[in-house]
Number of protein chains: 2
Amino acid sequence: MAYNAWFSCINGCPGEFDLREVIYRCPTCGDLLEVQHDVEALKSRSAAAWIQLFDDRYRRNTYPYGSGVWGKKEWVVPFIDNENIVSMYEGNSNLLWADRFGKQLRVEDLWIKQCGNSHTGSFKDLGMTVLVSVVRQMIAGGVLIDAVACASTGDTSAALGAYCAAAGMPAVVLLPKDKVSIAQLVQPLANGALVLSLDTDFDGCMAVVQEITKDKRIYLANSMNSLRIEGQKTVAIEIVQQFDWEVPDWIVIPGGNLGNVHALGQGFVMMRELGLINKLPRIALAQAQRANPLYRSFQEDFKTFEPIVAQPTLATAIQIGNPVSVKRAIRTLQHFNGVVEQATEQELADEAARADRTGMFNCPHTGVALAALRKLVERKVIRSSERVVVISTANGLKFAEQKAAYHMGALEGIKPSHRNKPVELPADPKRVTRAIARHVEKFKLLVSS
Amino acid sequence: MAYNAWFSCINGCPGEFDLREVIYRCPTCGDLLEVQHDVEALKSRSAAAWIQLFDDRYRRNTYPYGSGVWGKKEWVVPFIDNENIVSMYEGNSNLLWADRFGKQLRVEDLWIKQCGNSHTGSFKDLGMTVLVSVVRQMIAGGVLIDAVACASTGDTSAALGAYCAAAGMPAVVLLPKDKVSIAQLVQPLANGALVLSLDTDFDGCMAVVQEITKDKRIYLANSMNSLRIEGQKTVAIEIVQQFDWEVPDWIVIPGGNLGNVHALGQGFVMMRELGLINKLPRIALAQAQRANPLYRSFQEDFKTFEPIVAQPTLATAIQIGNPVSVKRAIRTLQHFNGVVEQATEQELADEAARADRTGMFNCPHTGVALAALRKLVERKVIRSSERVVVISTANGLKFAEQKAAYHMGALEGIKPSHRNKPVELPADPKRVTRAIARHVEKFKLLVSS
């Protein structure tokens, strides 16, 4: 059976475009495109047969099917040749049972999808493997592409750098000069990307990348390129698979540009269309209060949406006031009976620290999601008996300085309620033993409270 | 069938000790202990049946067997109750096919075992899940243990912190004051460990931790505790499993305290004893030239071993002059027809950078292993046709500053032959396009050379 997929306009304008075509927006209305699958063809295989196929491939050794993304190849990009796939075994990240944290929250069936435990340390790998593989397929098919480019200050540039390096393909990253930390720079630099530090702000970089990618030989890797959604949607399929094909009650996910929540929704919708599941979870979208345009819109039942100017937040990757995927995200939330909650800087920092105390080490965006979860549980929107999955988008090791600053009390405007500081002592075993005894007593009180 | 395991002296002194006993050294000779398994009992199950069992559990959902360590539970700690296991789905890390890097080295069947793509970002998770789980089992059995303690400046303290946090158990980390970077401090602090900053050096911390753990209520987590070996040895089993039970020709592994190479050897020996494999790989142990006591001993065919004073190296975790597991390591290398190779600071830094250019992002210890591999290939000790696996011990995100310093040319004494610097430009699309064109030309030359 030949499966197929193509681009079409998210607003339903006429036209189907080949995924190997260099096109990012609808030629009719200028809005975003999305990937459509030939669902009728996919239905020729039964739900049970799809489950069997996906389970047989799961984390196994036959390249590239052990990857969480390419194990679902027919649902992602069916036509791609395996030798053009650039995979680093992305996906299938740990669905961590948050035993102690869940007990503290009184949500005992709580799970954290650790997407940051991955090749480049973020969930962006899921989408980038698809984009870079399709570019390789295009080049193999004779399309002239010189380089793949993005504007990004963080995870996107890291993923683009790594996948292009593995493919032997030039990557270009556009950054605002003097506004990017060394920790954010180092991955694309190390992976050999051309890193252009432009004398402008982030919006200026976005404008330039859109301008230069009018030349079709420079391919655009920013999230308006819908190929990435096809990879990211596998996170939904993977979560259900990790629960032996049971759908959780809630998914909590942080949102900035909002492509992620749309991708999540696409994964669930596709599973339901093809009969693998018969219910949908509810989705809670979490925003930083300083970058909360969707939260504001939700307060008005999504009747209107107003872009805002986002304020600086510790959750740097979701500091976005005018999200590119807002239309698709609102549709997703309406379809999934969703809610939007927000978290202040204090709340997100404290909640990340609380989670760390139970053995995690997440990024601040996960802190936003966990803080939103706490509020939703307190308001009884999410019930204690429900099964909840929180999407953790990146590895805490990318934010080591921020975490250290929290514990040192050096984050401006944040009172670190859960701080833990080193204790200085002479190298005297007796003094050390006494310090441990005091800690053990305090710990007992903490655990029992 | 009841499987069993116990401690006995590595020198063969009489005595078997319960793994739930608080004991770290042989009461007769004072040397290290090792875990012995009841191999006859394990032989009651056929090799084919073990393979079937391990494959059935691999990355599946039944707790705790999806873990790379606990999927081999009978070979690790057979008696432990599943409810006492503290697992965060460790192990089963990516065995990355190093396609482009291997082609450059002319070793096309080259694989990197990405142990740093794990819960706390290093291979230490494999051993720590075992140690913390046994402590929980001991406490459940009525043994009074107040806290688990280690001296460590890096990965061990991170793993101890995380697993104790998940277990709800006090962890204590002893560090030399003013000698530990924030990046090394932040994981145990965030996980709520008591971090004691002592007015001494690292050896002083080791002396204090050994003194205070004479009180059996403070359990010792340093690598002289052989329980950790039982978890770490699963990396050998996992590699073979990921090759569909084929044994590679070579394993390259960095070595400092040398417990790791012993653990690797134990895994292979056990597989051969139980009939799952019928050959052993050769092992290449890689040391930093500035901390190379085993390399020196290898030059004399291991006839003697002299501890040295290790000099500062970028590969901080293997800056050890008097390795605690040297005796076990030499036995392992002799049994596996092993070799020892070394790498200078320049070599390890450049080799890590070369690997990054092909899409990896490894720690400096992996750089040591890769540089040693290059030398062994050049000397034709390792042949181009052989299948080689390099053990990558930790996530490069723990060394972001060091990697950035390399590319900025800020590492003292290192000439960064593979550096990549940001290029500053005005936000002018024409200038950007020209910079990309130049990069594409250079890249073509680089790839074709």
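1. Let me start with an aromatic cluster in chain A: Tyr3(A), Trp50(A), Phe54(A), Trp75(A) and Trp245(A) form one such group. Rings of Phe, Tyr and Trp (its six-membered ring) pair here if their centres lie within 6.5 Å, with planes under 30 degrees apart called stacked, over 60 edge-to-face and the rest tilted. By this rule, 20 aromatic pairs are found over all chains.

2. A word on the basis of these values: the model is predicted, local features need pLDDT of at least 70, side-chain atom pairs count only at pLDDT 80 or more, and totals for chains, interfaces and linings use all residues. Residues are numbered from 1 along each chain as its sequence is written, chains are lettered from A and ligands numbered from 1 in the order in which they are written, and side-chain values use heavy atoms, leaving out hydrogens and water.

3. One pair to look at is Trp111(A) with Phe243(A), which is edge-to-face at 5.1 Å centre to centre and 90 degrees between the planes. Trp111(A) lies in strand β4 (residues 110-114) of chain A and Phe243(A) in the loop between α10 (234-242) and β9 (250-254) of chain A, so this pair ties together parts 132 residues apart in sequence. For the element names, helices (H or I, at least four residues) and strands (E, at least two) are DSSP runs numbered from the N terminus. Trp111(A) is buried at a relative accessible area of 18%, and Phe243(A) is buried at 7%. Buried means under 20% relative accessible area, with exposed over 50% and partly exposed in between (1.4 Å probe, protein chains only).

4. Phe268(A) and Phe336(A) also form an edge-to-face pair, at 6.2 Å centre to centre with 65 degrees between the planes. Phe268(A) belongs to helix α11 (residues 259-273) of chain A and Phe336(A) to the loop between α13 (326-335) and β11 (339-343) of chain A, 68 residues apart. Both Phe268(A) and Phe336(A) are buried.

5. Charges over rings deserve a glance too; the rule asks for NZ of Lys or CZ of Arg within 6 Å of the ring centre and within 35 degrees of the ring normal. The charged end of Lys72(A) sits over the ring of Phe54(A), 5.7 Å from its centre. In chain B, Arg45(B) lies over the face of Trp50(B), 4.6 Å from the ring centre.

6. Now to strand β6(B), where six of six residues are buried. Ala171(B), Val173(B) and Leu175(B) cover one side, and Val172(B), Leu174(B) and Pro176(B) the other. Strands pair if DSSP finds at least two bridges between them. Four bridges join β5 (residues 147-151) of chain B to β6(B) in parallel, and five parallel bridges join β6(B) to β7(B).

7. Helix α7 (residues 182-190) of chain B has Leu185(B), Val186(B), Gln187(B), Pro188(B), Leu189(B) and Ala190(B) as its buried residues. Just after α7(B), Gly192(B) has a positive phi of about 85 degrees.

8. Finally, the two copies: a rotation of 180 degrees with 0.0 Å of shift along its axis superposes chain B on chain A (RMSD 0.0 Å), by least squares on the C-alpha atoms of residues with pLDDT of at least 70 in both. The copies are thus related as by a two-fold rotation axis.
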